[in-house]
Amino acid sequence: MSNVNFFAGVDLGATKINVTLLGDDRVFRIAEMLETPALVEQGPDVTLKQMETAIRLAADVSGVVMSSIKAVGLDTPGPASTDGVISAQGSTNFGNTGWARFPIRDAFQQTVGLPTVYANDGNAAALHCHREKFGQDSKFSSLTAAVGTGLGGGIVVNGQLVVGATGFAAEVGHVVLPTHGLLEPDQPNPKCNCGRAGDAEAWASLTGIRNNLLPYYLEKYPDHPLWQVEEGGERAKQVRSFGESGDEMARRIFKKQAVALGVLFDIAMQFLDLDAFFVGGGVMQTNLEFREWFLRTIREHLPLRDEQRGVSVEVAPDGDMAGARGAARLALESWRAG
Ligand SMILES: [Zn+2]
């Protein structure tokens with residue numbers, strides 16, 4: 001073990017820091033979720049210290065000495081530039097004005113005293129999913145979509161993360177989808193927080209359920225028990241457990257989401273001719289029957305050419321750990337590349 005170099009992956013979310021350690025033998029030393037609280041609403045200074053503490057904790061619990069950690073991979077929710085400067089509008093999930101234009105990668109590199117690389121959380125998770133299935137082979141391409149509060153994701157083409165000119169590539173949630181086959185005749189075109197109407201996140205996210213799908217479908221079920229739950233976030237969250245138990249209205253909502261993802265994946269296929277799609281987020285933290293039904297429904301709405309029959313649509317590996325693990329992989333890969 002003494003000859004192994006280690007790489008920390010730090011996934012900073014709105015309320016929690018998830019941290020992992022990866023050896024240059026490509027074995028993760030943290031088997032389960034290792035989470036510590038994040039006080040992002042108190043601003044960058046407090047949060048940077050919490051992130052550093054999280055790495056020390058990870059080293060402690062896995063018996064790794066700090067001096068064997070060579071680099072850090074950091075991921076946060078976007079929007080942010082490729083070198084980790086949070087956008088001028090601040091981060092959607094970090095409720096403190098100190099985050100606007102904050103160079104989190106540079107600042108954390110200073111705090112922790114180690115070379116630090118940055119990715120947005122969707123890209124970090126996408127890199128991890130891709131490497132888990134395809135390893136380092138540069139032959140393969142994939143898209144990862146995480147259906148959570150929003151619809152995040154990332155794209156790997158020929159073994160390389162696609163980040164784009166300014167870092168905003170693979171914003172899969174904000175691709176506008178054709179309404180044909182998706183929008184019901186009496187249904188308003190769903191709106192997204194980004195200002196677009198009918199983009200993938202407006203359909204396939206918890207926010208999409210809350211703002212668009214649930215208000216439309218619940219009206220058709222006047223006796224539904226969800227009328228007893230206060231309107232808003234809590235009502236939207238409960239749609240998932242109704243869906244898992246086979247409730248008709250909830251299944252109609254999730255079917256719409258699956259169809260929307262099929263349409264999105266079809267667009268991606270035409271651009272990129274991918275090998276695999278990984279679906280993650282809360283929608284996959286469900287029972288086996290629901291997950292399989294959801295993935296099958298996506299697949300049924302993803303028209304493929306005969307030559308593309310081998311394309312897989314599967315559950316993203318490692319759940320909420322994918323971001324931190326992808327960030328650690330990025331640190332290792334950047335370090336190897338010099
Ligand atoms: Zn959008």
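This is a predicted model: local features need pLDDT of at least 70, side-chain atom pairs count only at pLDDT 80 or more; totals for chains, interfaces and linings use all residues.
Good morning. Pro44, Leu48, Met51, Glu52 and Ile55 in helix H1 meet Ala107, Phe108, Thr111 and Val112 in helix H2; contact here requires that the C-beta atoms of two residues, placed from the backbone, lie within 7 Å. By class, the residues of this contact comprise seven nonpolar, one polar and one charged. Ala, Val, Leu, Ile, Met, Phe, Trp, Tyr, Cys and Pro count as nonpolar, Asp, Glu, Lys and Arg as charged, and the others, Gly among them, as polar.

Numbering starts from 1 along each chain as its sequence is written. Helices (H or I, at least four residues) and strands (E, at least two) are DSSP runs, numbered from the N terminus.

H1 spans residues 44–62 and H2 residues 104–112; they pack at an angle of about 55°, with axes 10 Å apart. Axes are lines fitted to C-alpha atoms, for helices over the stretch in contact, and angles run from 0 to 180 degrees between N-to-C directions. The two helices are therefore oblique to each other, given that angles under 35 degrees count as roughly parallel, over 145 as roughly antiparallel, 65 to 115 as roughly perpendicular and the rest as oblique.

I turn to the sheet. Five strands form an open sheet in the order S3-S2-S1-S4-S5, with mixed pairing; strands pair if DSSP finds at least two bridges between them. Strand S3 (35–37) and strand S5 (116–120) stand at the edges with a single partner strand each, so one side of each has no neighbour in the sheet. From one strand to the next, the twist averages 25°. S1 (residues 6–12) and S4 (residues 69–76) run parallel and are joined by six bridges; Ala8 has Val72 in S4 as its bridge partner. Helix H3 packs on the sheet against S1, S4 and S5, its direction making about 100° with that of S5.

Finally, the domains. An automatic or database domain assignment supplies the bounds: domain 1 covers 6–128 + 321–337, and domain 2 covers 135–316. Their C-alpha centres lie 26 Å apart. How many residues of domain 1 are in contact with domain 2? There are 11, and they meet 15 residues of domain 2. On the side of domain 1 that touches domain 2, H3 (residues 121–134) gives the most, with six residues.
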